[in-house]
Number of protein chains: 2
Amino acid sequence: MRETFHGELDQIGRTLVEMSEAVGVAMSDATSALLDADLSLAEKVISEDAAVDRLRDDIEARAFDLLARQQPVAVDLRTVVTSLKAVADLERMGDLALHIAKVARMRYPASAVPDDVRGTIREMGAVALSIVDKTRQVLEGQDISLAEQLEREDDAMDALHRRLFAHLLSGEWTHGMEPAIDITLIGRYYERYADHAVSVARQVIFLVTGEPAPMSTAINNGATETALGV
Amino acid sequence: MRETFHGELDQIGRTLVEMSEAVGVAMSDATSALLDADLSLAEKVISEDAAVDRLRDDIEARAFDLLARQQPVAVDLRTVVTSLKAVADLERMGDLALHIAKVARMRYPASAVPDDVRGTIREMGAVALSIVDKTRQVLEGQDISLAEQLEREDDAMDALHRRLFAHLLSGEWTHGMEPAIDITLIGRYYERYADHAVSVARQVIFLVTGEPAPMSTAINNGATETALGV
């Protein structure tokens, strides 16, 4: 019975890894769709979000079934509850990639990203992918040594977000209101994506160590205060 | 034992109601702070968010304890799992009110809201409060007849959100970039707050009826597509 239990728990863990890969691909494609005004890539992200939702449904059903049939306690119970939290974060990350793809689609055949912020958006995309890749590694091997790197990369994302706002407010912005609104929201989507990825990793690390992950900075849960206080 | 169980489950339910009241007060205060440039009210929202987080911690600990000690199955298990989901939404609603309060604080002694969008923001605040009040009623009595009203009010929030963007893009916007960014983000905070409140109500309704709540419109999970596609 216990062996079955751990086999089923491993299956949930593998599906979480799969989900982190899927939302990584979604973000990679969404960023390319946005920067290259690639409509078919945007459509791909939009249509594939249903697959992320199915992985979520699958994990939730398995976790519920495990709780009902095996009635785990202690660390086993904590693992199931952590999986339920992680799955909600991962599903939301899929949504955020989807939102970026929808902006790309809405502005097609133009690009939603003016030339002077392309570099910053490209970097935000790269940091998002680096973060979600570490989250996957944490989920896979529960390698908690990645915790500090993750916090550093989360700080890097916040710095890029501030740079984006600084440019919007610099007086050098010549693109008018619609691209400004797009960039404001896009910036927030990247930042929130990173927050959720870091949150998943923190939860797994907490599960393994029993200690909250080190936070190199105060918790940043997406407040605009620093973003706008430039 | 079962009686204890249901007593403890009721206690979780009461704490969820308390949490919905707390995030309602937070949103009411945040909206007043924003519209009236009321610094002390903004500070109150910011400092009281810790109390919302404590309610979250309390519910999570109780739910975990119930799962470990009582090992519920069937509808009892579904109720505990639904509570864990609801608590995450309610906590996030507190954060969104907090973000609005922080914008108010950042722009003090000025108001972040130019006169020509005050009416729309005031309405968004009123709809947010009406929605969270219905969510509280659903949590309290599991009154599922409120479901349709909730969906209608969620549609009203989306319409207000579109009106806000329409004004930003109308060419009549004379306030420059910083207030435009503030209003873009504030609009999104109200919309997301409503989404989370409706999500809590839907989960409770699903728990009671075993059927998804009626969705008068396609699920709106905060995509900007409609908001920007004005």
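**Notebook: chain contact and helix packing**

I began with the contact between the two chains: chain B gives 31 residues and chain A gives 31 residues. I note here that the model is predicted.

I then looked up which helices of chain B face chain A. Helix 2 (39-70), helix 3 (74-107), helix 5, helix 6 (177-209) and helix 7 (225-228) of chain B each supply at least two residues of that side. Helix 3 of chain B brings the largest share, 9 residues.

Next I took a helix pair inside chain B. The axes of helix 4 (residues 115-141) and helix 5 (residues 147-168) of chain B come within 10 Å and cross at roughly 160°. Angles over 145 degrees count as roughly antiparallel, so I log helix 4 of chain B as roughly antiparallel to helix 5 of chain B. I find their crossing left-handed. On helix 4 of chain B, the contact residues include Val117(B), Met124(B), Val127(B) and Ile131(B). On helix 5 of chain B, Leu150(B), Met157(B), Leu160(B) and Leu164(B) are among them.

Then I turned to helix 5 of chain A (residues 147-168). I checked its length: 22 residues at 1.5 Å a residue should span 32 Å. Its end C-alpha atoms are 32 Å apart, so the span agrees.

Which residues of helix 5 of chain A are buried? I list Ala147(A), Leu150(A), Glu153(A), Asp154(A), Met157(A), Leu160(A), His161(A), Leu164(A), Phe165(A) and Leu168(A).

Technical notes:
Residues are numbered from 1 along each chain as its sequence is written. Chains are lettered from A and ligands numbered from 1 in the order in which they are written. This is a predicted model: local features need pLDDT of at least 70, side-chain atom pairs count only at pLDDT 80 or more; totals for chains, interfaces and linings use all residues. Helices (H or I, at least four residues) and strands (E, at least two) are DSSP runs, numbered from the N terminus. The expected span of a helix is 1.5 Å times one less than its number of residues. A residue is buried if 20 or more other C-beta atoms lie within 10 Å of its own, exposed if 12 or fewer, and partly exposed in between; C-beta atoms are placed from the backbone. Axes are lines fitted to C-alpha atoms, for helices over the stretch in contact, and angles run from 0 to 180 degrees between N-to-C directions. Angles under 35 degrees count as roughly parallel, over 145 as roughly antiparallel, 65 to 115 as roughly perpendicular and the rest as oblique. A crossing is left-handed if the near helix is turned anticlockwise from the far one by less than a right angle, and right-handed if clockwise. Two residues are in contact if their C-beta atoms, placed from the backbone, lie within 7 Å.
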